[in-house]
Amino acid sequence: MSAPYTSASSAASTAALSPVAPGVDPEHERPPARHFYSRLCGLLSKTSLVLAIFGLLGIIVSVQVQVIGRYVFNDTPTWAEALALQLVLYVTALGVAVGVRDAGHIGLESLVSLLPEAMRLKLEILIHLLVALFGGIMVQSGILWTRLKWDELDPMLHLPVGIDYLSLVIAGVLIVLFSIEHILALVRGEDVVPSWY
């Protein structure tokens with residue numbers, strides 16, 4: 001009774017660690033991608049994670065300043081809420097991009113893993129192409145709105161409102177780069193190593 005449970009739990013742990021469907025089946029395991037472009041994307045992903053952590057800390061500090069100002073000094077700083085909202089945009093943008101690289105987005109891996117290898121490869125490439133297209137649309141829209149709103153000043157932070165939309169550009173560029181990395185890895189028969197490993 002314990003043997004089937006052990007094999008099932010080890011298969012589940014393998015599936016949880018591997019970001020792509022073939023990792024579910026040890027027979028289709030791929031070697032990790034170690035070429036220059038993959039290392040560059042790994043560095044960008046780690047940097048994004050570190051910046052997102054600092055952004056989260058900044059949000060916590062901004063909210064605490066606002067609470068202390070309101071309830072202790074009876075003088076709410078007007079910039080604290082605006083800064084927290086600004087940081088939320090950038091933390092979300094960086095988190096979405098890293099999620100695309102490390103396959104943290106929603107996927108139907110169980111269905112993909114049932115397909116034959118050739119069809120599975122084509123479907124995975126198509127998925128990453130569509131994600132890259134979405135990232136490209138984000139970049140185009142983000143640039144448009146950044147330009148349109150750059151001359152408007154935020155009354156709380158006294159910064160251009162276009163900075164809000166710049167987060168879309170950053171996220172979109174990273175999503176395109178990371179999607180290309182996944183496509184290259186699939187063509188070369190490799191796996192993208194998540195940035196936290």
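This briefing covers the fold, the salt bridges and selected residues of the structure above. The model is predicted. The protein has 6 helices and 0 strands. Of its 197 residues, 36% count as buried. A network of salt bridges joins R101, D102 and E181.

**Overall fold**

- Along the sequence, the elements follow the pattern α-α-α-α-α-α.
- Contacts between residues 24 or more positions apart make up 75% of those with a separation of 6 or more.
- The accessible surface of the protein comes to about 11,900 Å². Carbon and sulfur atoms account for 73% of that surface.

**Helix α5**

- Helix α5 covers residues 117-149, which is 33 residues.
- From first C-alpha to last, α5 reaches 48 Å. That is close to the 48 Å expected at 1.5 Å a residue.

**Salt bridges**

- The count of salt bridges comes to 3.
- R101 pairs with D102, with the closest N and O atoms 3.3 Å apart. Both of these residues are buried.
- R101 also forms a salt bridge with E181, at 2.9 Å from N to O. R101 lies in helix α3 (residues 78-101) and E181 lies in helix α6, so this pair ties together parts that are 80 residues apart in sequence.
- R101 counts as buried because its relative accessibility is 2%, under the 20% limit. E181 has a relative accessibility of 0%, so E181 is buried too.
- E152 and K149 meet through their side chains in a salt bridge, at 3.4 Å from N to O. E152 is partly exposed, at 38% relative accessibility. K149 is partly exposed as well, with a relative accessible area of 21%.
- Shared partners join R101, D102 and E181 into one network.

**S167 in helix α6**

- S167 sits in helix α6, which spans residues 162-187.
- The relative accessible area of S167 is 5%. Buried means under 20%, so S167 falls in that class.
- S167 is in contact with L89, Y90 and A93, leaving aside neighbours within four places in sequence.

**Nonpolar surface patch and I68**

- A nonpolar patch on the surface is formed by V63, V67, I68, Y71, V72 and F73.
- Together, these patch residues have about 620 Å² of accessible area.
- One of them, I68, belongs to helix α2 (residues 36-71).
- I68 has a relative accessible area of 40%. That value lies between the 20% and 50% limits, so I68 is partly exposed.

**Points to check in the viewer**

- Which residues does S167 contact beyond its sequence neighbours? They are L89, Y90 and A93.
- Where do R101 and E181 lie? R101 is in helix α3 and E181 is in helix α6.
- Which residues form the nonpolar patch on the surface? Look for V63, V67, I68, Y71, V72 and F73.

Terms used. Residues numbered from 1 in each chain as written. Predicted model: local features only at pLDDT ≥ 70, side-chain atom pairs only at ≥ 80, totals over all residues. Heavy atoms only, no water. Helix = DSSP H or I, 4+ residues; strand = E, 2+ residues; numbered from the N terminus. Buried < 20%, exposed > 50% of the residue type's maximum accessible area, 1.4 Å probe, protein only. Contact = heavy atoms within 4.5 Å. Patch = residues over 30% accessible without salt bridge, like charges linked within 9 Å, V, L, I, M, F, W, Y side chains within 5 Å. Areas by Shrake-Rupley, 256 points an atom, 1.4 Å probe, with all protein chains shown as cover. Salt bridge = Lys/Arg side-chain N within 4 Å of Asp/Glu carboxyl O. Expected span 1.5 Å × (residues − 1).
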